[in-house]
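Here is a short briefing to read alongside the structure. Keep the viewer open and follow each topic in turn.

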Amino acid sequence: MCGIVGYIGHREAYPVLIKGLHRLEYRGYDSAGVALINGDLRIYKIAGKVSELEKETEGKNTHGTCGIGHTRWATHGEPNTRNAHPHVSESKNLAIIHNGIIENYAPLKTELKKRGHAFLSDTDTEVLIHLIEDIQLNEKVDLVEAVRIALNQVIGAYAIVIVSKDEPDMLIAARKSSPMVVGIGEGEYFVASDASPLIEYTRNVVYLNDEEIAIVRRDKGLEIITIHNETITPYLQELQMQLDMIEKGGYDHYMLKEIYEQPNSIMDSMRGRLIGSRNTIVLGGIKEYEKKLTNAKRMIIIGCGTSWHAGLVGEYLFEDIARIPTEVEYASEFRYRNPVINEDDIVIAISQSGETADTLAAVELAKTKGATIFGICNVVGSSIPRATHAGSYTHAGPEIGVASTKAFTAQVTVLTLMALAIGRKRGTITESKYQSIAIELSKIPEKVQEVLKSNAHIRQIAEEYAHVQNFLYLGRGYNFPVALEGALKLKEISYIHAEGYPAAEMKHGPIALIDENMPVVVMATNMSAHDKIVSNIQEIRARKGRIIAIISENDEVIEEMAEHVIRIPDTEESLTPLLSVIPLQLLAYHIAVILGRNVDQPRNLAKSVTVE
Ligand code: AGP
């Protein structure tokens with residue numbers, strides 16, 4: 001939930017760290033700090049964003065070719081300067097940055113206090129660096145060994161980087177359940193939560209595995225051991241990320257850029273997977289499990305937030321097309337409720353980041369119960385794809401705005417491909433229906449481009465509604481998960497209260513909320529339940545609710561009834577979410593901009609939730 005970066009080499013570390021922290025700020029932005037080694041150990045840290053840290057260091061000595069930096073999403077302790085990372089050891093010779101949670105910090109802290117340690121913050125992280133120094137001094141071992149011993153004593157999740165005033169030519173990094181990548185340049189080394197801080201310096205990276213410790217020495221390079229003291233040969237990989245993928249490219253916000261990238265990102269999710277004149281689906285990552293998938297008795301989809309909403313679309317797809325009973329679970333609930341899982345069940349974990357703690361823990365639980373687990377993730381090399389048996393990457397490219405947009409449409413695209421491939425094998429879909437969905441799917445990128453042309457119109461609607469207190473989103477069938485997703489988008493970036501409901505459920509309660517002040521976004525595209533949604537609209541109108549309807553291009557019935565309509569091109573009903581979600585993303589975006597919200601970094605949120 002925090003962003004961490006470290007550098008050792010021939011350059012000044014500070015500019016590398018600051019640029020890296022800006023790129024990692026999507027992971028948390030409650031406070032920021034750096035530690036620099038240059039004869040002494042200097043720490044600058046402050047509550048607020050990385051830009052505040054830059055102001056704080058203006059005119060100060062930031063020299064040094066070894067250093068670490070941190071941007072925080074607070075867990076233990078308020079987001080103030082005192083709790084900002086880096087934290088130091090008792091002697092103040094060691095500094096640490098940390099992403100994760102040390103769950104047993106309380107007993108460790110009590111013990112260390114008894115031994116004379118005094119703490120300057122309320123964080124769990126500070127306890128760890130005190131523990132490491134305590135071990136180093138009392139057991140008379142070197143720093144690497146002290147880190148190793150300490151990590152055997154902690155329970156929880158960590159990605160840490162440590163520097164020492166006395167060992168200016170070394171960085172120590174380690175991970176467990178929080179991501180960490182090591183970049184290897186020409187006589188210089190980088191460590192970071194993801195590859196974005198090192199992208200312009202090197203393409204050679206090593207992703208650390210759980211319980212591995214990387215010892216990076218200026219002259220000797222990278223050495224990896226486990227916390228059980230086994231030596232590991234580093235597995236060098238070539239970075240696929242490009243610099244333009246993580247820049248705003250002329251857009252005001254990453255979120256807008258990512259909304260506009262969807263014609264391409266959906267295409268990339270399909271690339272090489274829908275092939276030939278017969279529209280054969282090839283999902284390389286899950287090929288060897290084809291039989292298992294075809295014979296699955298049940299699908300269980302797990303995820304959180306937007307990924308959970310994509311999972312709900314998956315439920316409609318798998319049941320409709322492949323006739324496989326499907327359940328969709330919040331990963332956070334699944335992991336704690338002793339679920340019944342059979343050998344013939346397939347568990348599908350969906351996650352943009354591939355690092356969400358609840359989803360990762362749910363995957364581990366499902367594994368212990370003998371399920372076959374697939375991942376649908378975006379970040380290559382992240383923890384969830386490594387924990388699953390097989391899977392398909394979404395290939396949407398880096399998503400930096402905290403509000404997920406292109407990841408959702410990419411996840412739905414992969415789920416559609418899976419459902420079609422399985423349905424065809426099982427014979428639960430006719431060949432003509434299969435072909436018609438596959439052909440339509442290949443047209444979705446250009447249809448998304450069409451929907452994006454409504455941007456100016458949606459901006460006008462946003463101006464009219466930006467100052468309301470509440471919103472309702474209603475949808476039926478495939479559009480029900482989209483209603484949930486639209487409400488989530490609005491909530492998280494505009495801070496306006498919004499609820500998503502299945503349209504027919506309105507009369508069982510939410511209808512009481514409707515009056516002339518309540519905007520209701522109704523997903524009313526051409527679908528099997530079109531007449532029913534027309535009735536729902538009438539019910540809202542009768543109570544003076546203000547209707548913003550998402551309708552199909554030729555619909556003239558609803559245009560008469562709604563205050564505003566946003567048209568989307570016709571498509572196969574099962575593909576509707578890929579189009580109907582776009583206006584909702586734009587509506588939320590414009591309302592948040594009009595309200596002056598921080599669209600890419602909304603309050604209290606972080607891009608990847610690596611804590612419970
Ligand atoms: C969506 O806009 C959110 N910011 C959030 O709900 C997100 O989808 C959720 O935290 C799951 O993340 P993941 O896809 O990286 O696992």
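The domain bounds used here come from an automatic or database domain assignment. On that basis the protein chain is divided into domain 1 (3–245), domain 2 (248–451) and domain 3 (453–602). The C-alpha centres of domain 1 and domain 3 lie 44 Å apart. Please bear in mind that this is a predicted model.

**The ligand and its shell**

- Where does the ligand lie? Domain 2 (248–451) and domain 3 (453–602) both contribute residues to the shell around the ligand, so it lies between them.
- The shell holds 15 residues, and Ser-307, Ser-351, Ser-353, Thr-356 and Glu-492 come nearest to the ligand.
- Sorted by class, the shell around the ligand has five nonpolar, eight polar and two charged residues.
- Helix 9 (305–321) and helix 16 (479–494) each provide at least two residues of this shell.

**Polar atoms facing the ligand**

- Thr-356 places a polar side-chain atom 2.4 Å from an oxygen atom of the ligand.
- For Glu-492, a polar side-chain atom likewise lies 2.4 Å from an oxygen atom of the ligand.
- Ser-404 takes part through its backbone, where a polar atom is 2.8 Å from an oxygen atom of the ligand.
- Taken alone, the ligand exposes 410 Å², and the protein buries 91% of that.

**Lys-447**

- You will find Lys-447 in helix 14 (residues 431–452).
- Is Lys-447 buried or exposed? Its relative accessible area is 15%, under the 20% cut-off, so Lys-447 counts as buried.
- Leaving aside neighbours within four places in sequence, Lys-447 is in contact with Glu-440, Pro-569, Asp-570, Thr-571 and Leu-579.

**Ser-580**

- Ser-580 belongs to helix 19 (residues 576–594).
- With a relative accessible area of 0%, Ser-580 falls under the 20% cut-off and is therefore buried.
- Which residues does Ser-580 contact, leaving aside its neighbours within four places in sequence? They are Asn-479, Val-482, Met-523, Ile-550 and Ile-568.
- With Asn-479 there is also a polar contact, side chain to side chain, at 2.8 Å from Ser-580.
- Val-611 is 31 residues from Ser-580 along the chain, and the C-alpha atoms of these two residues are separated by 32 Å.

**Backbone points to check**

- As background, most residues other than glycine have a negative phi, and most peptide bonds are trans.
- The peptide bond from His-85 to Pro-86 is cis, with omega near 0 degrees. Pro-86 sits in the loop between strand 4 (66–72) and strand 5 (87–88).
- Arg-323 is a residue other than glycine with a positive phi, near 55 degrees. Its position is in the loop between helix 9 and strand 19 (326–330). The relative accessible area of Arg-323 is 53%, over the 50% cut-off, so this residue is exposed.
- Lys-544 is not a glycine either, and has a positive phi of about 70 degrees. The loop that holds Lys-544 runs between helix 17 (530–542) and strand 26 (546–552). At 57% relative accessible area, Lys-544 is over the 50% cut-off and therefore exposed.

Conventions
Residues numbered from 1 in each chain as written. Predicted model: local features only at pLDDT ≥ 70, side-chain atom pairs only at ≥ 80, totals over all residues. Heavy atoms only, no water. Near = heavy atom within 4 Å. Polar contact = N/O pair within 3.5 Å; in protein donor to acceptor, adjacent residues only side chain to side chain. Areas by Shrake-Rupley, 256 points an atom, 1.4 Å probe, with all protein chains shown as cover. Helix = DSSP H or I, 4+ residues; strand = E, 2+ residues; numbered from the N terminus. Nonpolar A, V, L, I, M, F, W, Y, C, P; charged D, E, K, R; others polar. Buried < 20%, exposed > 50% of the residue type's maximum accessible area, 1.4 Å probe, protein only. Contact = heavy atoms within 4.5 Å.
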